[in-house]
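Here are my notes on this one, as a few numbered points. Have the structure open while you read.

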Amino acid sequence: MKPLKTITFLTIAFALMLAQAGTVLAAPSLQEGFITGTITALECGLDLENPTILVTLDVEGVSQTLEIDLATAVSLGIIAPDTECSPEALAGAIDTEVSIDPVTVILEEEVDQHPVGAALSLFFTDITDYETIMAAHEDGTGFGVLAQALWLTMQMEGDSDTFIAIVEAKKTKDFGAFVLEDGSTPQNWGQFKKAVLNGDKKGNLGVVMSDKENKTNNGNGQDNDKTNNGNGQDKEKTNNG
């Protein structure tokens, strides 16, 4: 009977080993249903209290932008642990492949417009609209560059067509459509900006977003420096109460 017991024990042990091996082999199948693609762009979210990252993926030739929290981004190797989000901190993850669990994606809750795109369209409402800005963004241009292009357009007293032409010139590195005051043609983006802005360093996305904050922190759409006393008068005129 002892040999029979030994054989039975070995059979059970072998079956358990196969079950464990089967579990290990099946693990890769958990990737099914994940959103897998190559990272083409990364942007920091606007919520400073609950930092998020906007991840744009090339998924089999289709561009898809997802929002994930910082912890998820760290687990995916997009950003290093204990690191504040910044373009520099995200640069190393561009062109890498990731698989994102749809469960970790932050879904928009009744938000029809992208907050940055909406801020740009409101700030530059005399130049172009939200749809044009978002179309340029979805075509691969980051909001930072779009903000610069809009500042340039405003400086040139241009319209939506001018804005689109500037964005296209930035992408193709061909500035032949623009002639400077001295009759020359810009050779690169830096030269183009320097010539058009003429030393004006405020032409960036930060100014637009700060303006949005100034107009919304008090809840009534007025500038903060005119509402600290609650009656709409200038701050410097009301320090005496």
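1. A definition to start: a nonpolar core here is a set of buried Ala, Val, Leu, Ile, Met, Phe, Trp, Tyr and Cys residues joined through side-chain atoms within 4.5 Å. Buried means under 20% relative accessible area, exposed over 50%, and partly exposed in between (1.4 Å probe, protein chains only). Keep in mind that this is a predicted model: local features need pLDDT of at least 70, side-chain atom pairs count only at pLDDT 80 or more, and totals for chains, interfaces and linings use all residues. Residues are numbered from 1 along each chain as its sequence is written, and side-chain values use heavy atoms, with hydrogens and water left out.

2. The largest nonpolar core has 29 residues, and Leu120, Leu146, Phe163 and Phe192 touch the most other members. At least two residues each come from helix 4, helix 5, helix 6, helix 7, helix 8 (189-197) and helix 9 (205-216). Helix 6 gives the most, with seven residues. Helices (H or I, at least four residues) and strands (E, at least two) are DSSP runs, numbered from the N terminus.

3. There is also a second, separate core of 17 residues, which includes Val55, Leu66, Ile68 and Val98.

4. Back to Leu146: leaving out residues up to four places away in sequence, Leu146 touches Leu120, Ile133, Ala136, His137, Thr141, Phe163 and Val167. Contact means heavy atoms within 4.5 Å.

5. Helix 5 (residues 130-138) is worth a look. Its buried residues are Tyr130, Thr132, Ile133, Met134, Ala136 and His137. Their cover includes strand 1 (35-44), helix 4 (115-123), helix 6 (143-155) and helix 7 (160-172). Just after helix 5, Gly140 has a positive phi of about 115 degrees.

6. Now the disulfide, meaning a pair of cysteine sulfur atoms within 2.5 Å. The count comes to one: Cys44 is joined to Cys85, with S to S at 2.1 Å. The link is left-handed, with -95 degrees about the S-S bond. Cys44 sits in strand 1 and Cys85 in the loop between helix 2 (70-75) and helix 3 (87-90), so the pair links distant parts of the chain, 41 residues apart.
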